[in-house]
Structures are given as structure tokens and as C-alpha cells.
Number of protein chains: 2
Amino acid sequence: MADAPVNRTADPADLLAVAVAEARAGLAEGGVPIGAALFGPDGRLWGSGRNRRVQDDDASTHAETAAFRAAGRRAGYRGTTMVTTLSPCWYCSGLVRQFGISRVVIGEARTFSGGHDWLAEHGVEIVLVDDAECAELMTAFVAARPELWFEDIGQEPR
Amino acid sequence: MADAPVNRTADPADLLAVAVAEARAGLAEGGVPIGAALFGPDGRLWGSGRNRRVQDDDASTHAETAAFRAAGRRAGYRGTTMVTTLSPCWYCSGLVRQFGISRVVIGEARTFSGGHDWLAEHGVEIVLVDDAECAELMTAFVAARPELWFEDIGQEPR
């Protein structure tokens, strides 16, 4: 694991599709539609998940932390790729930095921009797909449920 | 909540005792002995928790995220105090920054120093107690279970 490089054989759009499916499942459940997935250095899926604030009344489970949990206990994260439909907030950016996740593939950063520039400064490879479907999902959700969105990022509603 | 100040009537050592009790419970369960608690602007306990990597095979539940989850869904965190037995790692520091937790009371930062200086730069009030009991708990744990400790912070064992 120590020297495992990031596996780049998969198209980022294909990795993103796993996260988008999680986001859509969250939307169907009445939740915050953000999904994520963690892929190992060999390109295999380690785990995926979605924001569970509404579903579990759980403020601590963002999409990235759900995917990280679903990946199970691991000795290291070098060479892994975290894929998320939305730019990771500071909480999820901190997760990426602490555990040494090598690469983050981001669906969109139009509706919210978290800590991905900070991660890039600290050596994390950032791939910003700027995917229209991801942006539409979040734009529609923020318009429909602003109080839930601002609760999810810990901000006063505007 | 918007203008709620931090409640400073309680001695930080008394707040820390809640986190230490969580850490000791975790140790008794065979887990990573780190505990945390989140107190509201009025000084009341919102929730407490401990690292659950071993207990639940859950890499995503650090003490601070457990306390945050136990506090339930909240519209805002201004005026709150997060108390933790150990300097918060980047993951937990990101949690504090994202949700605008106002103050962090830290048992010790001798065995591990995470993102608390970064939080201070971003306006979070940091109270470093430098508690001998907290330091002894972690020193003994790291010596006894180094592989578990390094797994918990995502580092290769040294």
C-alpha cells in the first residue's frame, strides 16, 4: 500500500456515476442529495454512501464520511480516490487530508465550494468534473429545501 | 442562537471530565481511548461520545464526530464548546470549522497535535488544558496498541 499509485484506468465520469446513484437514492428518501464513493488503489470500489442527515437524523454522516465508513477499517489510503457529487466541505476535506486519500473527483463546485483548493495545496490530486447533472441536482435541492441545505453545512439560512 | 456567546461559567476541567469518562469507557471496551462532548451556548451538555473504530468496526467515528452526532440535528453551533481528550485531527478540526463551533477545550496535545492551531487562525477559541490524566491515557495506549493508533489517524506504523 505504501507506494500504491492512483489507478487512472477508469474514466472519472464512470466513477462519478456511482456517487450520483447514491445522491439520487438520497433524494428519493427525502434526504440531502449528495453521494460519494471511495475507490482503492486497484480501482475497485471500497464503499459508497450518501448524506444521512434526514434518513437517520444524523448530522455527522455526510456523503464522504458514509463512503469512508462503508469502506471498512483500512491500514492506509494511499492511492485511493474519493468521488463526491459536490465539493467536499471542511469536515469532509479534513477527512481526506487526515487519512491521506490521494485523489478527489468532484462532480461540481458551482453550488458550494468547500476545501478542495486547500487539499490541492496539501498534495491531494483534485479532478473537478463540473458535471451538469450534479449541479442540477443541488441547484434544485437548495431551491426546494434551503433550510435543510443550510442546516447541513452549519450556516444560517440566507 | 445567532449571537449566542460561549458560556464560560463552567471550569474547563469539569467539562473535560465528561470527555475523560467517555475515553475511559472506550478503553474498557478495547477501543481507542479518546472521548469528547459538545456543550450548548447555555453550558448544557448536548451530547457526548467516544471513538468507535474497534467497537463498531467504524473508521468514521472519532470521539468528536460521535459527540456531534449524539447532539442531534441543530440549526447552528454558535456559542457551543467541543471538549475532547486529545487535540482534534484534521477530520475533527474540519468538523469544528465547517459547523462554526465556537470553542474547543483540549485535554492534551502532547501525544498528537492535529488542527487546533489552524482552527485558532480561523477564529475558534482554543483552550489547551494539558491534562496529565489525558496524556497518560494516550501514552499508555499508543505504547500498548501502536498499530491501532496509527490506523486511527491513517498513518503507517512507525
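Me: How do I read burial here? Is B:Glu151 buried or exposed?

Reply: Start with the cut-off: under 20% relative accessible area counts as buried. B:Glu151 has a relative accessible area of 14%, so this residue is buried. Keep in mind that this is a predicted model.

Me: Which residue does B:Glu151 meet in a salt bridge?

Reply: Here is the general idea. Side chains of opposite charge can pair when their charged atoms come close. In this case the side chain of B:Glu151 meets that of B:Arg53, with 2.7 Å from N to O. Now look at where the two sit. B:Glu151 is in helix H7 (residues 146-152) of chain B, and B:Arg53 is in helix H2 (residues 53-56) of chain B. They are 98 residues apart, so the pair links distant parts of the chain.

Me: Why does B:Arg53 count as buried?

Reply: Check its accessibility. B:Arg53 counts as buried because its relative accessibility is 0%.

Me: Which other residue forms a salt bridge with B:Arg53?

Reply: B:Asp152 does, and the closest N and O atoms are 2.7 Å apart. B:Asp152 lies in helix H7 of chain B and B:Arg53 in helix H2, so this pair ties together parts that are 99 residues apart in sequence. Both B:Arg53 and B:Asp152 are buried.

Me: Which residues do salt bridges with shared partners join into one network?

Reply: Follow the shared partners. A:Arg53, A:Asp57, A:Glu151, A:Asp152 and B:Arg73 are joined into one network.

Me: How many salt bridges does the structure hold over all chains?

Reply: The total is 28. Take one within chain B as practice. B:Arg50 pairs with B:Glu22, and their closest N and O atoms are 2.7 Å apart. B:Arg50 lies in strand E2 (residues 45-50) of chain B, while B:Glu22 lies in helix H1 of chain B. The pair therefore ties together parts that are 28 residues apart in sequence. B:Arg50 and B:Glu22 are both buried.

Me: Now the interface. How many residues does each chain give to the contact?

Reply: Count each side separately. Chain A gives 35 residues, and chain B gives 35 residues. Then look at area: about 3,100 Å² is buried between chain A and chain B. Carbon and sulfur atoms give 53% of that area.

Me: How many salt bridges cross the interface of chain A and chain B?

Reply: The rule finds eight. One of them joins B:Arg78 and A:Glu156. Their closest N and O atoms are 3.8 Å apart. Polar contacts are a separate count: 13 residue pairs across the interface of chain A and chain B.

Me: Which elements give two or more residues to the side of chain A that touches chain B?

Reply: Find helix H2 (63-70), helix H3 (90-99) and helix H6 (146-152) of chain A. H3(A) gives the most, with seven residues. Sort that side of chain A by class, and you get 15 nonpolar, eight polar and 12 charged residues.

Me: Where is A:His62, and what is in contact with it?

Reply: A:His62 is in the loop between strand E2 (45-50) and H2 of chain A. A relative accessible area of 4% is why A:His62 is buried. Set aside neighbours within four places in sequence. A:His62 is then in contact with residues including A:Arg50, A:Cys89, A:Cys92 and A:Asp152. B:Phe99, from chain B, is another of its contacts.

Me: Which feature does UniProt place at residues 10-126 of chain A?

Reply: The unreviewed UniProt entry gives "domain: CMP/dCMP-type deaminase" there. Over residues 10-126, chain A is 35% helix and 21% strand. The end C-alpha atoms of that stretch are 15 Å apart.

Terms used:
Residues are numbered from 1 along each chain as its sequence is written. Chains are lettered from A and ligands numbered from 1 in the order in which they are written. This is a predicted model: local features need pLDDT of at least 70, side-chain atom pairs count only at pLDDT 80 or more; totals for chains, interfaces and linings use all residues. Side-chain values use heavy atoms; hydrogens and water are left out. UniProt positions are given in the numbering used here, feature names are shortened, and annotations may be inferred rather than shown by experiment. Helices (H or I, at least four residues) and strands (E, at least two) are DSSP runs, numbered from the N terminus. Contact means heavy atoms within 4.5 Å. Buried area is the accessible area (1.4 Å probe) that two parts lose on being put together, summed over both. A salt bridge is a side-chain nitrogen of Lys or Arg within 4 Å of a carboxyl oxygen of Asp or Glu. A polar contact is a pair of N or O atoms within 3.5 Å; within protein, one must be able to donate a hydrogen and the other to accept it, and residues adjacent in sequence count only if both atoms are side-chain atoms. Ala, Val, Leu, Ile, Met, Phe, Trp, Tyr, Cys and Pro count as nonpolar, Asp, Glu, Lys and Arg as charged, and the others, Gly among them, as polar. Buried means under 20% relative accessible area, exposed over 50%, partly exposed in between (1.4 Å probe, protein chains only).
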